[in-house]
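Hello,

Here is the structure for you to look through. My notes follow below it.

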Amino acid sequence: MRADRVHSWAAMLVAVTMTGVVACSAGDDGAPDGRADGAAGSATQPATGPAPSTPEPIETDSTETDPAEADAPTEAPAAGEDTASSPSAPVTEPPHPVSLPALMEQEFDGGDLELGDVLEDAGSYIRYAVTYRSGDLTVSGIMNVPEGDGPHPVLVLAHGYIDPEIYTTGRGLAREQDYLAREGYAVLHTDYRNHAQSDDDPENEVRLRLGYTEDVVNAVLAIRDSSLPFLDGDRVGLLGRSMGGGVTLNALVVQPGLVDAAVVYASVSSDAVDNFDRWTRGNPEAAELTEEIIDAYGPPEDAPGFWQDVSPVTFFDQVTEPVLMHHGTADDTCPIEWAHDTRDALADAGADVTLEVYEGEQHAFEPQWQASIETTAEFFDRHLG
């Protein structure tokens with residue numbers, strides 16, 4: 001091939017820029033066996049149902065392009081010249097399918113929010129059974145609708161761990177459901193998949209319960225998509241407790257701007273390794289689940305990248321909503337140190353975060369709960385009012 005044609009062929013090459021939990025947690029009210037209403041789980045909580053197939057990481061090839069070629073002008077090849085040897089554009093490896101980055105790329109389509117039977121007339125609000133769509137699943141829950149025409153601002157509540165075998169619809173966060181509805185908020189308490197009348201997802205445990213995050217995101221989207229006239233889909237907040245606190249943090253990093261404000265009570269750690277080590281690994285009753293998780297993803301010490309990608313703390317720079325945290329110094333289920341670490345990481349990432357610390361308060365929040373819920377209502381009034 002002549003030298004001038006070789007030069008022409010080389011000039012065509014243009015560089016292409018490469019683009020690039022375990023929430024085994026305590027439940028709502030602090031009882032270690034999870035049997036009380038909203039009870040906290042501890043070493044007994046991991047569900048070990050039928051083992052799903054192990055999700056495998058997806059790998060792809062990528063080809064480096066010579067940086068010197070990035071500024072080369074593009075020219076059409078000479079007539080008849082073979083172009084089959086042109087380098088292909090590099091392909092970036094997608095995120096692991098079980099990860100928060102994978103959820104960030106997912107197209108959520110929550111909708112079909114439907115009111116069912118009236119469960120209670122509480123005077124200042126009506127309690128309904130509800131269902132909504134979360135991906136291919138139907139998820140159940142309850143909704144407290146305040147008296148009056150509205151439209152009312154809406155709060156989505158994400159409960160802590162309660163054994164799905166004993167869970168009944170709307171169970172958990174009962175005090176918060178009632179108080180906030182009496183304050184004029186429509187309250188949607190999601191059951192999550194695998195609970196009450198929700199559809200089953202047999203892979204959820206081995207997928208580190210990331211399905212619960214999907215269900216909360218889709219609950220918010222179902223509200224925003226709803227045509228129910230008494231719901232104000234432009235004013236939506238999120239509240240999560242214990243395991244539900246971790247679910248809330250996941251939702252904030254997966255879908256920035258999803259809600260207007262968020263509150264977390266006595267949350268699990270924002271580092272998935274803390275939760276895995278506290279409630280799953282080393283727990284004899286969770287030995288089978290531990291083995292499945294480690295077989296699928298590797299232990300934290302051997303696969304740090306995977307475990308970082310299922311930890312919301314890794315992505316706190318994504319959080320756009322103001323966050324209010326409540327935590328007691330005597331919480332022996334979710335240590336107060338986790339709250340300080342989460343608060344500090346959020347602040348370092350530039351988030352608007354406030355941590356309210358309750359001296360001597362335990363995981364269940366009993367003596368100082370009234371003070372905490374009044375602070376919560378004021379916070380939501382300020383950001384959703």
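Are Tyr-192 and Tyr-212 buried or exposed? Both are buried, where buried means under 20% relative accessible area, exposed over 50% and partly exposed in between (1.4 Å probe, protein chains only).

Some ground rules. This is a predicted model, in which local features need pLDDT of at least 70 and side-chain atom pairs count only at pLDDT 80 or more, while totals for chains, interfaces and linings use all residues. Residues are numbered from 1 along each chain as its sequence is written, and side-chain values use heavy atoms, with hydrogens and water left out.

Overall

The protein chain has 10 helices and nine strands. These are DSSP runs numbered from the N terminus: helices are H or I with at least four residues, strands E with at least two. Of its 385 residues, 52% count as buried. The accessible surface is about 16400 Å², and 47% of that belongs to carbon and sulfur atoms. Areas come from the Shrake-Rupley method with a 1.4 Å probe; for residues, only the protein chains shown count as cover.

The sheet

Nine strands make an open sheet with mixed pairing, in the order β1-β2-β3-β5-β4-β6-β7-β8-β9. Two strands pair if DSSP finds at least two bridges between them. β1 (111-121) and β9 (353-358) are the edge strands, each pairing on one side only. From one strand to the next, the twist averages 20 degrees.

Val-118 stands opposite Tyr-128 in β2. The hairpin of these two strands has three residues between them, and Gly-123 there takes a positive phi near 90 degrees.

Leu-324 stands opposite Thr-354 in β9.

Two helices to look at here. α5 (residues 243-254) packs on the sheet and touches β4 (152-158), β6 (231-241), β7 (261-265) and β8; its direction makes about 130 degrees with that of β6. α10 (residues 369-384) lies across β4, β6, β7, β8 and β9, at about 165 degrees to β7. Axes are lines fitted to C-alpha atoms, for helices over the stretch in contact, and angles run from 0 to 180 degrees between N-to-C directions.

His-326

His-326 sits in strand β8. At 1% relative accessibility, this histidine is buried. Its contacts (heavy atoms within 4.5 Å) include Val-263, Tyr-265, Glu-356, Phe-365 and Thr-375, not counting residues up to four places away in sequence. Ala-339 is 13 residues from His-326 in sequence and 8.3 Å from it in space, C-alpha to C-alpha.

Aromatic pairs

The structure holds 10 aromatic pairs. Rings of Phe, Tyr and Trp (its six-membered ring) pair if their centres lie within 6.5 Å; planes under 30 degrees apart count as stacked, over 60 as edge-to-face and the rest as tilted.

Back to the two tyrosines. The ring centres of Tyr-192 and Tyr-212 are 4.4 Å apart and the planes are at 15 degrees, so this pair is stacked. Tyr-192 lies in the loop between β5 (186-190) and α4 (210-225), and Tyr-212 in α4, so the pair ties together parts 20 residues apart in sequence.

Trp-279 and Trp-338 are edge-to-face, because their ring centres are 5.8 Å apart and their planes at 75 degrees. This pair links distant parts of the chain: Trp-279 is in α6 and Trp-338 in α9 (residues 336-348), 59 residues apart. Trp-279 is buried at 3% relative accessible area. Trp-338 is buried at 10%.

Phe-276, Tyr-297, Phe-306 and Trp-307 form one aromatic cluster.

Helix α7

In α7 (residues 287-297), the buried residues are Leu-289, Thr-290, Glu-292, Ile-293, Ala-296 and Tyr-297. Seen down the axis, they fall within an arc of 165 degrees, so they line one face of the helix. That arc is of the directions from the helix axis to the C-beta atoms. The face turned away carries the exposed residues Glu-291 and Asp-295. Cover for the buried residues of α7 includes α6 (272-279) and α8 (304-309). Gly-298 follows the helix, with a positive phi near 90 degrees.

Best wishes
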